[in-house]
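Trainee: I have a model open and would like to go through it with you. Can we start with the sheet?

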Amino acid sequence: ASANGVLESSAWLVLLDETRIDTLLNQASTLNLFIDSTFLIATFSTCQAQQVQSVYRVGPKSGLVLETSGEWRPASGYVVTSTLNKYDRRSNFQGYPMHGVGVK
């Protein structure tokens, strides 16, 4: 999906043991996870609320950015913790250099 540039066209959720998150982030650093991607990571633990994080990259040469997306609870399911949509939450380009051209 990454090689074909379609990670932004689908939502992806990876559920894994908390001890494996570093391994996943190392693998994810090679993926095309840009601002419009929906790539979520959730770690599991029996009967506890779990934080769900969203992973993306501002540009092709920038590092991965993790942001809290919501929380999953056994009693209530997935609860979104931010009222902003993902494009508003990702409006900070993390110091990534941008070049702009104005045309009159």
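Trainee: In what order do the strands of the open sheet come?

Mentor: This is a predicted model. In it, five strands make an open sheet with the order 1-2-3-4-5, and the pairing is mixed.

Trainee: Which strands stand at the edges?

Mentor: Strand 1 and strand 5 (77-80) do. Each has a single partner strand, so one side of each lacks a neighbour in the sheet.

Trainee: By how many degrees are neighbouring strands turned against each other?

Mentor: On average 35 degrees, direction ignored.

Trainee: In which sense do strand 4 and strand 5 pair, parallel or antiparallel?

Mentor: Antiparallel, over four bridges. Glu71 is opposite Val79 of strand 5.

Trainee: What holds paired strands together in general?

Mentor: Strands of a sheet pair through backbone hydrogen bonds.

Trainee: Now helix 1. Which of its residues are buried?

Mentor: Ile21, Leu24, Leu25 and Ala28 are the buried residues of helix 1. Around the axis they span an arc of only 100 degrees, which means they lie on the same side of helix 1.

Trainee: And what is exposed on the other side of helix 1?

Mentor: Asp22, Asn26 and Gln27.

Trainee: Which strands do the buried residues of helix 1 pack against?

Mentor: Strand 1 (11-17), strand 2, strand 3 (50-57) and strand 4 (64-73).

Trainee: Next, Gln53. Where is it, and is it buried or exposed?

Mentor: Gln53 belongs to strand 3. Its relative accessible area is 18%, and buried means under 20%, so Gln53 counts as buried.

Trainee: What is Gln53 in contact with?

Mentor: Setting aside neighbours within four places in sequence, Gln53 contacts Ile21, Phe39, Leu40, Ile41, Leu66, Glu67, Thr68 and Ser69. Ile21 is also one of the buried residues of helix 1.

Trainee: What separation do the C-alpha atoms of Gln53 and Val14 have?

Mentor: They are separated by 9.9 Å, with the two residues 39 apart along the chain.

Trainee: Which residues does Ser37 touch?

Mentor: Leu7, Glu8, Asn32, Lys86 and Arg90, not counting residues up to four places away in sequence.

Trainee: Last one. Where is confidence lowest in the protein, and where highest?

Mentor: Lowest in helix 2 (residues 86-89), with a mean of 73, and highest in helix 1, at 85. The average pLDDT for the protein is 79, and 94% of the residues score at least 70.

Conventions: Residues are numbered from 1 along each chain as its sequence is written. This is a predicted model: local features need pLDDT of at least 70, side-chain atom pairs count only at pLDDT 80 or more; totals for chains, interfaces and linings use all residues. Side-chain values use heavy atoms; hydrogens and water are left out. Contact means heavy atoms within 4.5 Å. pLDDT is the predictor's confidence in each residue, from 0 to 100. Helices (H or I, at least four residues) and strands (E, at least two) are DSSP runs, numbered from the N terminus. Buried means under 20% relative accessible area, exposed over 50%, partly exposed in between (1.4 Å probe, protein chains only). The arc is that of the directions from the helix axis to the C-beta atoms. Two strands pair if DSSP finds at least two bridges between them. Axes are lines fitted to C-alpha atoms, for helices over the stretch in contact, and angles run from 0 to 180 degrees between N-to-C directions.
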